[in-house]
Amino acid sequence: MSHGPVLEVYLDHLVDNFNFVKNMAGAGVRTGAVVKSDAYGLGLTSVAHALYKSGCELFFVASLDEALKLRQSGILASIVVFDADIKRASGEFQRQKLVAVVNDRDDLKSIASAAGSMPYYLNIETGFSRFGLDVESVTSIERDGGFRHAWPVCLFTHLACSDNPQDGTNALQREKLLTASRAFPRVPLSLTASAGLWLDPSYHMDIARIGSALYGLNNARIYPNPLTPVVKLKAPVIDVHHVPVQQSVGYGGTFRTRRSSTLGVLPIGYKHGLPWACANRISVRLGSFIVPVVGRIAMEYTTIDLTDVPDAAKGRGRIVEFLFDEFGVDELASAAGANGQEILTRLGAGCPRNHIATALRSTG
C-alpha cells in the first residue's frame with residue numbers, strides 16, 4: 001500500500017488520444033507530439049517512448065536538455081527544440097540531428113553561419129506576441145537573400161484563440177502565415193495545436209503540433225469530451241476520527257460540522273499539486289461513495305467527510321481517488337480557477353508517478 005499520493009499515468013490511454021487526434025488531423029497531416037515540460041508533468045521519456053512505439057515520428061520539446069534526454073533514451077524520431085541558444089549549441093544540434101527553431105534574426109544568422117547544414121522551423125509572429133519574425137521582416141529578409149543559405153524545413157505560428165472558434169484572430173493568423181509562405185514555395189506549414197483541431201480543416205495544414213489533447217485535456221471544450229482520461233490521482237486514508245457538531249475543520253475554520261461527524265485525513269496537499277483553491281469545492285471517490293473535501297487544503301494534508309460512509313468502507317488504508325472517470329483534470333482545474341495544463345504539471349512535479357503501460361497498440 002502506498003503511504004502517500006500517487007499519480008497514475010495510463011500510457012495506453014495516451015496512445016488512444018494520439019491515434020484519435022491523428023485521425024482528426026487527416027491523412028495528409030503529419031502529427032507531432034508536444035512533450036515539453038516533462039511531458040506536461042507526466043514523465044518525458046516514458047510518455048515519448050509509448051508514443052514512439054505506437055508510430056509517432058515527430059516530437060516537440062522546450063529545451064535542448066529535453067531533446068538530449070530523448071536521444072539518450074533511444075528516441076530516433078525527428079525532435080524539434082522550441083528554444084535554444086543556437087549559436088552556442090549548433091554542434092550539438094548537428095551531432096544529435098535535432099531541428100532548431102528560428103525565433104529572430106540572430107537565430108537565423110547562427111543557422112546560416114553554422115559549420116554544416118542545420119534544419120530549422122521558422123517561427124512567424126502572427127498575433128501571439130511572444131516570439132517569431134513578423135511577416136514584413138520575413139519578406140524583407142527573403143528579398144535581401146537572407147534565406148539563401150538557410151532554407152527552413154517548416155513555417156509555423158501559434159494560434160492565440162483557437163479555443164474560441166468565433167474569434168476572428170484565428171482567421172487573421174492563418175492568413176498571415178499563408179502570406180509569409182509565399183516566399184517559401186513547397187515548404188510545409190504548421191498552424192494548429194490541440195484546440196485548433198476542432199477548427200475547420202483549413203487550419204490543419206501540413207503539420208499538427210499536439211500537446212494538451214494527448215493528455216486528455218479538453219481545451220476546445222467539446223462535450224462530451226471525446227478524449228480519454230490519462231491520469232488518476234489517488235491517496236490513502238491515514239487517519240479516521242470523530243468530531244462533535246459545530247467543530248471547525250482545518251485552518252481558518254472555513255468548514256464547521258453541522259452534525260456529529262467522522263473525518264478522514266489524507267496525505268496530500270498543495271505541496272503535491274492539489275490546488276489550495278479547491279478546498280470545500282470538490283468531492284472525491286472512496287469505493288462506490290462520493291464524499292466531500294472539507295476545510296482548507298494544507299501543505300501536506302487534506303480532510304474529507306466520511307460521515308455517510310459505512311464503517312466497513314472507511315478505515316485507514318482505504319484508497320481515495322481525486323481524479324477519476326467522472327471528475328478529471330479539467331474539472332479539478334475549473335473548481336480551482338486554473339487551467340488543466342497548470343494542474344497536470346503541478347501534480348506531475350509534486351506526486352510520485354506510476355506509469356501503467358497496458359497493451360500498447362501499434363498503428364502499423
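Helices here are DSSP runs of H or I with at least four residues, strands are runs of E with at least two, and both are numbered from the N terminus. This is a predicted model, where local features need pLDDT of at least 70, side-chain atom pairs count only at pLDDT 80 or more, and totals for chains, interfaces and linings use all residues. Residues are numbered from 1 along each chain as its sequence is written, and side-chain values use heavy atoms, without hydrogens or water.

Start with Y270. Y270 sits in the loop between strand 15 (261–266) and strand 16 (283–286). Y270 has 40% relative accessibility, so it counts as partly exposed. The cut-offs: buried is under 20% relative accessible area, exposed is over 50%, partly exposed is in between, with a 1.4 Å probe and protein chains only.

Now strand 15 itself. T262 is found there. T262 is at 6% relative accessibility, so it counts as buried. Leaving out residues up to four places away in sequence, T262 touches V240, H241, H242, I304, D305, L306, T307 and K314. Contact means heavy atoms within 4.5 Å.

Next, helix 5, residues 86–96. Which residues of helix 5 are buried? They are I86, A89, S90 and F93. Seen down the axis of helix 5, they fall within an arc of 150 degrees, so they line one face. That arc is taken from the directions from the helix axis to the C-beta atoms. The buried residues pack against helix 4 (64–72), strand 4 (78–81), strand 5 (100–102) and helix 6 (105–113). On the other side of helix 5, R88 and R95 are exposed. Just after helix 5, K97 takes a positive phi of about 55 degrees.
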